Amino acid sequence: MLTWLQKKWLSPKNFYHTAGVYLPWIGSAFLLLFIYGLISGLFIAPADYQQGDGFRIIYVHVPSAFTAMMIYFVMACCAFLTLVWRIKIAAIAMSSSASIGAWFTALALITGSIWGKPMWGTWWIWDARLTSVLILLFLYLGFIALQSVISDQQSRDRAGAVIALVGVINLPIIHYSVIWWNTLHQGPTLSKFAVPSIAPSMLYPLLAMIGAFFLFYTVILLMRMRNAILLREMKTEWVTQVVNYES
Amino acid sequence: MNLKQILLMHGYGVYVWVSYAITLGIFGFNLFKSLQEKRKILKMIERTNES
Amino acid sequence: MSNLIIAMIRYELLITMRAAYSWVTPLLFFIIVVCLFPLAIGPDIDLLNKIAPGIIWVAALLAIVISINQLFSQDREEGYLDELLLSSYPLTLLISCKLISHWIAHGFPLIIISPCLGFILNLSTHQEYALVMTLLIGTPTLVLLGAIGSALTVGIRHHGLLLPILIMPLYIPVLIFAIGAMTAASVNQPIVGYLAILGALFLITLAFSPLLTSISLRIGVNQC
């Protein structure tokens, strides 16, 4: 298993080619899930008893918030790998994830705000969940800012890894904020261990959209990692071959 | 359901459609940016290889 | 070992005291920022009482961020930082001593002057007590967290406001619980719970920060 991992994914050159092979498949899976989620979420799922058709925003809000936190978790794992084992691919994955993570966090905040206006009557409220997601956005932006200032590649990777690891404490705070504090934001929709209290016809589009958003992140991540690999390995022979082939 | 009903969504139409539009916009923007980045990098490597 | 610790702290404090500018200016900044708010918001005493905890805490946050900015930069310029990195003593120990002396020089004056500032913002005695206690437990946490950011940015020229951007999100939990304590004090509720959480935050950062700062220092001066 480990040698398969090494052969296909760990070295930049192998990663470039393997990712290129899998990319169309992941993209197709994304499109399937996304279209299913869109159509059933917008048209087929029944309207909510309390919130009416406005609840359909859940199909973009919850997936984006979920994905934003997942991306930071992935970044933190890659940061750990970068610091402890100095795995270059992990550093590339970490740096490439940051801007997508920031976009998803912003999307979660925006869709949440749009949802909040008809439901709670306010665009924003300083409760625990919203504040901690806003902090997550700042963590992403700080990471991007730090990486943009450092000129040496290796220092940039390791410095980013430190700051990503330090910020990971925010993730459990976000997740449990709705349980620890009395807040306007509703409780957790999905829990690992309990049977979800949401109806199946509403649940399946939600799960599909969560999967779709995560697959979209994977697609963009692989594309950006391939770009970053080309940039980093610019002087090597295989990159020259690839460039000649592409143009 | 006719088109008007779909657009209005019993009064919530603005909120729902704006959020979905923003989502699709952000998705498309990120996709476009990645492709643009790839084009730029390929061009840059080509230029440095020629010289 | 204890001789080393005492010697390091004495040395750092001596340097800071001789260059009085380095510890006086953040203190003056703290005072001036707090004084700006009554001018900006108006002399309504009840309103000032309500927002005083926030004002004083945010001003303390900013003052500490400013002082943390030059924690390692001067040492780097003088070459002292390289000596610390090459020394045979554990870097985490040396950094801990540096942070202790930094807090004594920069955090402690803020705590001393805060009751006076609370007075001009019309805080009650119970609130003043809460203010001093939260600052006492909170400012070491802020110094410890700021050290990580300062170590990461030590090698970057013209990093400008990168340090505040990096560590302000980490300061927010401390701020939230400190203000929680102050709000409880304003309605004469016990503040022990909030102080306990602040103490827990302090102990966690005390455990992790010197190690992370030493790793960041090595990264920051390119010694990966």
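Which residues have the most contacts inside the largest nonpolar core? They are A:Met94, A:Val162, A:Ile163, A:Ala212, C:Ile56 and C:Ala60, and the core has 138 residues. The structure is a predicted model. Two pairs of chains are in contact, and chains A and B share the most contacts.

**The nonpolar core**

- Helix H8 of chain A, residues 200-232, gives the most to this core, with 19 residues.
- A:Ile163, one of the residues with the most contacts inside the core, touches A:Gly142, A:Phe143 and A:Leu146 in chain A. A:Ile163 also touches C:Leu152 and C:Leu166. Residues up to four places away in sequence are not counted here.

**Helix H5 of chain A**

- Helix H5 of chain A covers residues 128-149, which is 22 residues. At 1.5 Å a residue the helix should span 32 Å, and its end C-alpha atoms are 32 Å apart, so the two values agree.
- The buried residues of H5(A) include A:Leu130, A:Val133, A:Ile135, A:Leu136 and A:Leu139. Also among them are A:Arg129 and A:Ser132.
- A:Gly142, A:Phe143 and A:Leu146 are buried residues of H5(A), and A:Ile163 touches these three residues.
- Within chain A, the buried residues of H5(A) pack against helices H3 (58-85), H4 (88-120), H6 (153-167) and H7 (170-180). They also pack against H7 and H8 of chain C.

**Chain B**

- Chain B has two helices and zero strands. Its radius of gyration is 20 Å, well over the 10 Å that the globule rule gives for 51 residues, so chain B is more spread out than a compact globule.
- The C-alpha trace of chain B spans about 65 × 15 × 10 Å along its principal axes.
- Of the 51 residues in chain B, 16% are buried.

**Contacts between chains**

- The contact between chains A and B takes 28 residues from chain A and 22 residues from chain B. On the side of chain B that touches chain A, 13 residues are nonpolar, six are polar and three are charged.
- In the contact between chains A and C, 17 residues of chain A meet 16 residues of chain C. Helices H7 (125-152), H8 (162-186) and H9 (192-220) of chain C each give two or more residues to the side that touches chain A. The largest share, six residues, comes from H8(C).
- That side of chain C has 13 nonpolar residues, three polar residues and no charged residues.
- Chains B and C do not touch, and their nearest C-alpha atoms are 24 Å apart.

Note on methods:
Residues are numbered from 1 along each chain as its sequence is written. Chains are lettered from A and ligands numbered from 1 in the order in which they are written. This is a predicted model: local features need pLDDT of at least 70, side-chain atom pairs count only at pLDDT 80 or more; totals for chains, interfaces and linings use all residues. Helices (H or I, at least four residues) and strands (E, at least two) are DSSP runs, numbered from the N terminus. The radius of gyration is taken over C-alpha atoms; the globule rule is 2.2 Å times the number of residues to the power 0.38. A residue is buried if 20 or more other C-beta atoms lie within 10 Å of its own, exposed if 12 or fewer, and partly exposed in between; C-beta atoms are placed from the backbone. Two residues are in contact if their C-beta atoms, placed from the backbone, lie within 7 Å. Ala, Val, Leu, Ile, Met, Phe, Trp, Tyr, Cys and Pro count as nonpolar, Asp, Glu, Lys and Arg as charged, and the others, Gly among them, as polar. A nonpolar core is a set of buried Ala, Val, Leu, Ile, Met, Phe, Trp, Tyr and Cys residues joined through C-beta atoms within 7 Å. The expected span of a helix is 1.5 Å times one less than its number of residues.
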